[in-house]
Amino acid sequence: MQSALYAVGSGFFLAGNAVFFTTIVGLSAAQVGLGLSIAGALGFFAAVPLGTIADRVGPLRAWILAALVEGCVYLTYPLARGFAAFVVIVTALALAESAGNSARGAYTLDAFGPAERVRVMAYNRSALNLGFTVGALLGGVALASGNRTVTLIVPVLAGLLMLLTALLVSRLPASRRERGGEQRSRYAVLRDRPFLLVSLLNGVLGSHQVLLMIVFPLWLVERTDAPRAVLAWLLALNTVLAVGLQVWAARGADTVRGSVRSSRVAAGAIAAACLVIPISSVTEAWVTITLLAAAYVALTFGELFQSAGYWGLVSELSPVDQRPQYQGAFRLGLQLQSIVGPAAFTLLAVTWSPLGWLPLAALIVLAAAALGPAAVAAVPPKASRVD
């Protein structure tokens with residue numbers, strides 16, 4: 001319930017974030033893009049320190065605090081004036097989201113046994129996908145009205161929903177290792193090179209998000225004859241598959257071996273899509289649409305299995321007494337990929353040549369091949385992973 005409600009609140013304003021600052025605050029699109037990039041970069045560098053703070057205060061307390069901050073930040077949106085205020089707001093939101101993700105992940109690992117964790121995370125992911133979709137639809141309808149008052153109300157309602165989720169989180173029971181105050185090894189994860197390598201490789205495998213949401217739409221519009229309306233249908237299909245199949249895709253990913261296997265299945269699906277997509281540049285009509293739909297489904301399956309592998313790896317490779325900071329560090333690969341990927345992948349596959357999809361496929365396959373040995377090397381000492 002908390003995951004679904006949080007996603008409704010976040011999704012409610014997700015689609016209108018940039019619109020709000022251009023239409024209400026009066027910023028240019030370039031300023032919005034620059035501000036979001038600054039926030040993303042600061043969130044990347046703060047991921048491990050925020051995880052370390054969550055280690056110190058305890059995952060549940062950190063989760064509650066992050067949810068409260070996130071809700072309050074949304075409530076300040078109508079007060080924003082100028083570029084500096086915009087940067088402060090989106091940076092605070094990025095930091096709160098990063099801290100909340102690390103704390104929520106660590107709490108989940110603490111609250112459930114090894115056999116349940118991946119399945120619970122899969123159910124949460126399904127709830128999040130459903131909530132994001134509902135929230136985005138509601139927010140889109142509100143913003144489509146073009147009414148200034150309605151546009152101002154949207155972030156306020158999103159903030160109130162976030163504060164309600166903070167209340168729900170505060171009613172959760174303390175996990176078995178909710179401690180607060182104890183800090184065994186500050187920033188130990190930065191010395192754990194095998195774990196950081198796994199994070200980097202997982203980030204490469206997580207490139208399906210950039211491909212799904214940025215590169216693929218640009219490819220469809222600029223390189224194929226498919227109608228733009230196809231994008232809406234494919235996005236809806238992605239949502240249905242993500243909600244309906246995520247729990248199924250997570251089966252067997254509750255061990256290091258199973259997680260690596262899921263990650264390799266994901267890599268195969270993503271690489272297959274990268275081989276099919278360039279063909280659509282030389283086909284016409286329904287053949288093009290069929291190829292694009294097949295590739296999009298393959299990317300979606302890559303998303304489902306990569307997520308399952310991600311949860312299993314972070315569960316099995318995080319020392320019990322340092323889970324929040326390891327949660328933060330494991331997101332570094334994904335965050336780095338989200339910073340570099342949009343420009344690099346678009347330049348390679350859309351701007352340069354259809355053949356640019358081929359090195360992307362090779363990169364994914366190589367990352368999956370290296371993941372197994374890296375994961376084995378990153379397994380913590382037995383004493384550090386007793387539950």
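Biologist: The axes of H8 and helix H14 (residues 332-352) come within 7 Å and cross at roughly 45°. What makes H8 oblique to H14?

Modeller: Angles under 35 degrees count as roughly parallel, over 145 as roughly antiparallel, 65 to 115 as roughly perpendicular and the rest as oblique. The crossing is at roughly 45°, and that makes H8 oblique to H14. The axes are lines fitted to C-alpha atoms, for helices over the stretch in contact, with angles from 0 to 180 degrees between N-to-C directions. Helices (H or I, at least four residues) and strands (E, at least two) are DSSP runs, numbered from the N terminus.

Biologist: Good to know! What are we looking at, and how are residues numbered?

Modeller: This is a predicted model, where local features need pLDDT of at least 70 and side-chain atom pairs count only at pLDDT 80 or more, while totals for chains, interfaces and linings use all residues. Residues are numbered from 1 along each chain as its sequence is written, and side-chain values use heavy atoms, with hydrogens and water left out.

Biologist: What is the relation of H8 to H13?

Modeller: Their axes are 9 Å apart and the packing angle is about 40°; H8 and H13 are therefore oblique to each other. On the H8 side, Phe195, Leu196, Val198, Ser199 and Asn202 make the contact (heavy atoms within 4.5 Å), and from H13 come Tyr326, Ala329 and Phe330.

Biologist: Now the rings. Why is the pair of Tyr74 and Tyr77 called stacked?

Modeller: There are 11 aromatic pairs in the structure. Rings of Phe, Tyr and Trp (its six-membered ring) pair if their centres lie within 6.5 Å, and planes under 30 degrees apart count as stacked, over 60 as edge-to-face and the rest as tilted. The centres of Tyr74 and Tyr77 are 5.5 Å apart and the planes are at 20°, so the pair is stacked.

Biologist: And what makes the pair of Phe195 and Tyr326 edge-to-face?

Modeller: Phe195 and Tyr326 lie 4.6 Å centre to centre, with 65° between the planes. This pair links distant parts of the chain, with Phe195 in helix H8 (residues 193-205) and Tyr326 in helix H13 (residues 323-330), 131 residues apart. Phe195, Tyr326, Tyr310 and Phe330 form one aromatic cluster.

Biologist: How do you know whether Phe195 is buried or exposed?

Modeller: Buried means under 20% relative accessible area, exposed over 50%, partly exposed in between (1.4 Å probe, protein chains only). Phe195 has a relative accessible area of 0%, so Phe195 is buried. Tyr326 is at 4%, and therefore buried. In H13, eight of its eight residues are buried.
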